[in-house]
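This report is meant for a reader who is meeting the structure for the first time. Please look over the sequence and the model before reading on.

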Amino acid sequence: MFDGKKLDVSRFITEQVDAIRTQVGEDVVILGLSGGIDSTVTALLVSKAVGDRLRCIFVDHGLLRKNEFEDVLAHYRTLGLQVKGVRAAARFFAACKGLTDPEEKRKAIGKTFIEVFQEEARQVEGAKWLAQGTIWPDIAESRSDKGTVKSHHNVGGLPEQMHLGLVEPLKYLYKYEVREVGAALGLDAGFLGRHPFPGPGLGVRCLGELTPERIAVLQEADAIWIAALRESGWYDKVWQAAAIFVPVRTTGITDGRRTYEHVIALRAVNSTDAVTAEPVRLPWELLDRVQHEIIARVDGINRVVFDISTKPQATIEWE
Ligand code: XMP
């Protein structure tokens with residue numbers, strides 16, 4: 001917990017379920033699922049408290065991992081959550097058109113998310129509350145007295161504009177505690193072991209302007225990277241891994257002919273709650289296999305680099 005006390009998981013669940021029931025009474029609660037652990041655990045807690053008066057919305061902003069929308073939606077249904085999947089990629093790409101500044105991109109994604117979410121939420125009759133998977137590091141980082149490092153759209157914005165009350169049962173927990181609560185609520189180890197994934201998704205891993213073509217390239221490279229980590233057994237020994245689309249062209253050679261194509265960077269870090277991070281010293285053979293596979297299979301990429309920067313001074317995400 002944020003106050004340094006050890007979390008008693010079953011007591012936490014009982015207390016939060018009671019608190020949510022007291023807070024929302026007979027009202028309907030809406031919740032935006034992201035596919036990540038925090039929003040999923042929040043959904044399970046709230047659904048335990050209010051049953052089918054919880055209505056979940058899962059927005060596909062087009063910046064998810066390859067096949068993520070379909071896979072995650074299917075998983076939610078197996079968890080018994082009522083979820084509406086909303087495909088809105090075209091709107092997000094339109095909102096980000098021409099933007100190259102990281103914070104402007106993040107804000108455009110955040111603003112479009114709020115618009116899409118509001119439109120969907122308005123269709124939910126009697127909704128008075130918004131449940132969010134905010135956790136303690138989100139709050140602590142947004143409150144930093146050194147100014148905002150990156151605008152995390154989990155904190156602030158949405159409920160005020162929607163005139164909804166806020167339900168944030170995880171807001172004093174660290175990520176590892178959220179995983180403990182998730183396990184107690186029945187989430188399987190495979191899901192709980194998933195790496196954190198940022199709200200703006202691949203949008204913060206595709207430098208420069210976001211286009212559907214660039215995101216498609218990044219999704220392919222990312223899928224190869226993540227599959228290789230899983231197959232080699234490294235996925236569970238890494239806190240977070242990412243592929244990044246770097247929109248500079250470099251010279252290469254394929255079948256004796258000169259190429260001039262883009263770069264993919266790979267990142268794999270270990271961290272405690274994202275405040276600091278260390279690159280993971282992966283075996284050379286693994287990195288070598290991945291670079292070969294990405295360059296052979298992903299159109300428009302002729303160079304792969306591995307990011308060895310620590311946080312600080314680098315951040316985990318490239319934008
Ligand atoms: P950085 O790049 O700041 O990332 O070292 C720290 C952790 O936060 C995640 N992250 C975000 N999560 N919205 C999110 O929900 C964002 O805008 C955002 N930016 C970074 C990042 O993936 C890492 O786990």
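The sections below describe the domains and the interface between them.

## Two domains

The model is predicted, and its protein chain is divided into domain 1, covering 9–192, and domain 2, covering 205–307. Between the C-alpha centres of domain 1 and domain 2 the distance is 28 Å. The contact draws on 17 residues from domain 1 and on 16 residues from domain 2.

## The buried area

Between domain 1 and domain 2 an area of about 1400 Å² is buried, and carbon and sulfur atoms give 52% of this area. On the side of domain 1, the residues that lose the most area to domain 2 are Arg-65, Lys-66 and Phe-93, which together make up 41% of what that side buries.

## Salt bridges and polar contacts

Two salt bridges are found across the interface of domain 1 and domain 2. The side chains of Lys-66 and Glu-220 meet in a salt bridge, with a distance of 3.1 Å from N to O. Lys-66 is also one of the residues of domain 1 that lose the most area to domain 2.

## The side of domain 1

Three helices, α4 (89–96), α5 (102–122) and α8 (175–184), each supply at least two residues of the side of domain 1 that touches domain 2. Sorted by class, this side of domain 1 has nine nonpolar, three polar and five charged residues.

Methods:
Residues numbered from 1 in each chain as written. Predicted model: local features only at pLDDT ≥ 70, side-chain atom pairs only at ≥ 80, totals over all residues. Heavy atoms only, no water. Domains from an automatic or database assignment. Contact = heavy atoms within 4.5 Å. Buried area = accessible area lost by both parts, 1.4 Å probe. Salt bridge = Lys/Arg side-chain N within 4 Å of Asp/Glu carboxyl O. Helix = DSSP H or I, 4+ residues; strand = E, 2+ residues; numbered from the N terminus. Nonpolar A, V, L, I, M, F, W, Y, C, P; charged D, E, K, R; others polar.
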